[in-house]
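Please consult the sequence and structure shown here while reading.

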Amino acid sequence: MYEKTFPNKRFKLTLEFLQKHVSTSETIFDFGVPNPFSKIMEENGYTVKNTKGEDLDNDQTALQTEEYTVFTAFEIFEHLLNPYTILQNVKCDKLLISIPLRLWFSPAYRSKTDMWDRHYHEFEDWQLDWLLEKTGWKITDRLQFTHPVKKFGFRPLLRYFTPRYYIVVAEKIK
């Protein structure tokens with residue numbers, strides 16, 4: 001996935017946001033298979049568990065059987081057909097989610113070669129907020145940031161000013 005580029009800015013800001021809200025004594029259930037960012041979390045002292053590659057739209061067993069105090073989903077909700085069910089099945093009281101925001105000047109991402117690497121949802125910030133609210137979560141902090149690319153053109157120029165990523169921390173409403 002990161003053969004040619006590594007999202008240094010995104011990973012740096014995501015780690016800073018995580019460190020602000022989650023202590024290393026907490027156990028993280030990171031939704032999705034082990035990836036470069038789950039390794040970064042471990043290198044920074046976090047205990048991280050991941051899913052095993054199951055179809056998460058159809059199988060949320062791991063959400064109910066794993067032991068964890070924090071749920072994270074970094075750039076995975078846009079790939080799911082049904083994130084509502086996922087959020088209903090999270091059994092801890094704190095979560096961190098980041099998503100790429102829908103860009104008005106770019107179509108939804110769709111890999112031609114990898115069926116798992118497609119975006120079903122391209123969220124706007126209010127849509128993720130609403131999804132969390134409807135599933136019983138209250139956002140306690142949020143951050144949006146840009147992701148410039150080193151290319152020439154009109155769209156790369158817009159990426160310097162247009163927020164591309166949205167990250168939130170939320171607590172379960174009791």
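Rings of Phe, Tyr and Trp (its six-membered ring) pair if their centres lie within 6.5 Å; planes under 30 degrees apart count as stacked, over 60 as edge-to-face and the rest as tilted. By this rule the count comes to seven aromatic pairs. The ring centres of F37 and F74 lie 5.1 Å apart with planes at 75 degrees, so this pair is edge-to-face. It joins distant parts of the chain, 37 residues apart: F37 belongs to helix α2 (residues 36-43) and F74 to strand β3. Helices (H or I, at least four residues) and strands (E, at least two) are DSSP runs, numbered from the N terminus.

The model is predicted: local features need pLDDT of at least 70, side-chain atom pairs count only at pLDDT 80 or more, and totals for chains, interfaces and linings use all residues. Residues are numbered from 1 along each chain as its sequence is written, and side-chain values use heavy atoms, leaving out hydrogens and water.

Buried means under 20% relative accessible area, exposed over 50%, and partly exposed in between (1.4 Å probe, protein chains only). F37, at 3% relative accessibility, therefore counts as buried, and F74 counts as buried at 12%. A further aromatic group, one cluster, is formed by F29, F31, Y68 and F71.

Strand β3 also belongs to an open sheet of six strands, ordered β2-β1-β3-β4-β6-β5 with mixed pairing; two strands pair if DSSP finds at least two bridges between them. The edge strands, β2 (47-50) and β5 (137-145), each pair on one side only. Strands β1 (residues 27-30) and β3 (residues 70-74) pair in the parallel sense over three bridges, and T72 in β3 is the bridge partner of D30.
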